[in-house]
Amino acid sequence: MKTARRAMVTGATGVIGRRVVPELLARGYRVTAVGRTAQKRAELGSVGADAIALDILDVGAATRALAGHDVLINLATHMPKSTLQMLLPWAWRENDRVRRDGRERMDAAMAQRARRLRSACRLRFAA
Ligand SMILES: NC(=O)c1ccc[n+]([C@@H]2O[C@H](COP(=O)([O-])OP(=O)(O)OC[C@H]3O[C@@H](n4cnc5c(N)ncnc54)[C@H](OP(=O)(O)O)[C@@H]3O)[C@@H](O)[C@H]2O)c1
C-alpha cells in the first residue's frame, strides 16, 4: 500500500493556511498543521489535520517537528491588526521577525532534515 506524503503547514490558521490545509488533505497528503492554542489545534483537527503547537522561531523544536515530513509550507505571518497600524513602521516589526527569522530557522530545520535523509541513504547504500 502506498504511504501518504506528509506535509507540514505553518500559519495553518491564517488567511491562506486555512484554505491550503483542506486542499492538501483532499489531494491525499497527511497534513501536520501548526496552531498555537488548544482551540486552534482543535479546529485544525476537526478538518482532518494532525495539529501541533510550534513556534517557528525555535529551530530545535522545528527540526524535531519536521521529522518524517516530505514538504514544508511556511505561511506564518504577523500582519498589523488594522489599516491604521499598517502605516506605522513599528507595527511591522513582529511580521519582519516571523517572516525573516522564522523563514531562516525553518529553512535551517529543513536543511538539517535533508542532511539526515542523505546520511540515511548513504548508510543504506553502504550496507
Ligand atoms: N498572508 C498574506 O500574505 C496576506 C496578504 C495580504 C493580506 N493579508 C491580510 O492580513 C491579515 C492577516 O492575515 P494572515 O493570514 O497573514 O495572518 P494571521 O491571520 O494573523 O495568521 C498568521 C499565521 O501565522 C502563525 N504564526 C505567527 N507567528 C508564528 C510563530 N512564531 N510560530 C508559528 N506560527 C506563527 C499564526 O499562528 P497562530 O494562529 O497559532 O497564532 C497564524 O497561523 C488578513 O486580514 C489578511 O487578509 C494577508
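**The whole chain**

The model is predicted, and local features are described only where pLDDT is at least 70, side-chain atom pairs only at pLDDT 80 or more, while totals for chains, interfaces and linings use all residues. Residue numbers start from 1 along each chain as its sequence is written.

The C-alpha trace spans about 60 × 30 × 20 Å along its principal axes.

Next, colour by pLDDT, the predictor's confidence in each residue, from 0 to 100. The chain mean is 90, and 91% of the residues reach 70 or more. Select residues 123-127: here the pLDDT is below 50, and beyond near neighbours in sequence the stretch has zero contacts in the model. A contact is a pair of residues whose C-beta atoms, placed from the backbone, lie within 7 Å. Where pLDDT is low, the predicted coordinates should not be read in detail.

Of the contacts in the chain with a separation of 6 or more, 56% join residues 24 or more positions apart. Of the 127 residues, 26% count as buried. A residue is buried if 20 or more other C-beta atoms lie within 10 Å of its own, exposed if 12 or fewer, and partly exposed in between, with C-beta atoms placed from the backbone.

**The nonpolar core**

Select Val9, Ala12, Val21, Val31, Ala33, Ala49 and Ala62. Of the 22 residues in the largest nonpolar core, these touch the most other members. Such a core is a set of buried Ala, Val, Leu, Ile, Met, Phe, Trp, Tyr and Cys residues joined through C-beta atoms within 7 Å. The elements that give two or more residues to this core are strand S1 (6-10), helix H1 (17-26), strand S2 (30-34), helix H3 (59-66) and helix H5 (93-126).

Centre the view on Val9, in strand S1. Val9 counts as buried because it has 27 C-beta neighbours inside 10 Å. Not counting residues up to four places away in sequence, Val9 touches Gly17, Val20, Val21, Val31, Ala33, Val34, Ile73 and Leu75. Although Leu72 is 63 residues from Val9 along the chain, their C-alpha atoms are separated by 6.1 Å.

Move to Ala49. Its contacts, leaving aside neighbours within four places in sequence, are Ala12, Val21, Leu25, Val31, Thr32, Ala33 and Leu44.

Select H1 and look down its axis. Its buried residues are Gly17, Val21 and Leu24. Gly28 follows H1, with a positive phi near 95 degrees.

Repeat the view for H3, where Ala62, Ala65 and Leu66 are buried. Their arc around the axis covers only 95 degrees, which puts them on the same side of H3. The face turned away from the buried side carries the exposed residues Gly60 and Arg64. Just after H3, Gly68 takes a positive phi of about 85 degrees.

**Two further positions**

Select Val71, which lies in strand S4 (residues 71-74). Val71 is partly exposed, with 14 other C-beta atoms within 10 Å. Apart from neighbours within four places in sequence, Val71 is in contact with Arg5 and Ala7. Thr83 is twelve residues from Val71 along the chain, and their C-alpha atoms are separated by 33 Å.

Then select Asp96, in helix H5. Asp96 is exposed, with 12 other C-beta atoms within 10 Å. The C-alpha atoms of Asp96 and His78, 18 residues apart along the chain, are separated by 8.0 Å.

**The ligand**

Of the 22 residues around the ligand, Thr13, Gly14, Val15, Arg36 and Thr77 come nearest; a residue is near if its C-beta atom, placed from the backbone, lies within 6 Å of the molecule. Colour this shell by class to show ten nonpolar, nine polar and three charged residues. Here Ala, Val, Leu, Ile, Met, Phe, Trp, Tyr, Cys and Pro count as nonpolar, Asp, Glu, Lys and Arg as charged, and the others, Gly among them, as polar.

Technical notes: Helices (H or I, at least four residues) and strands (E, at least two) are DSSP runs, numbered from the N terminus. Two residues are in contact if their C-beta atoms, placed from the backbone, lie within 7 Å. The arc is that of the directions from the helix axis to the C-beta atoms.
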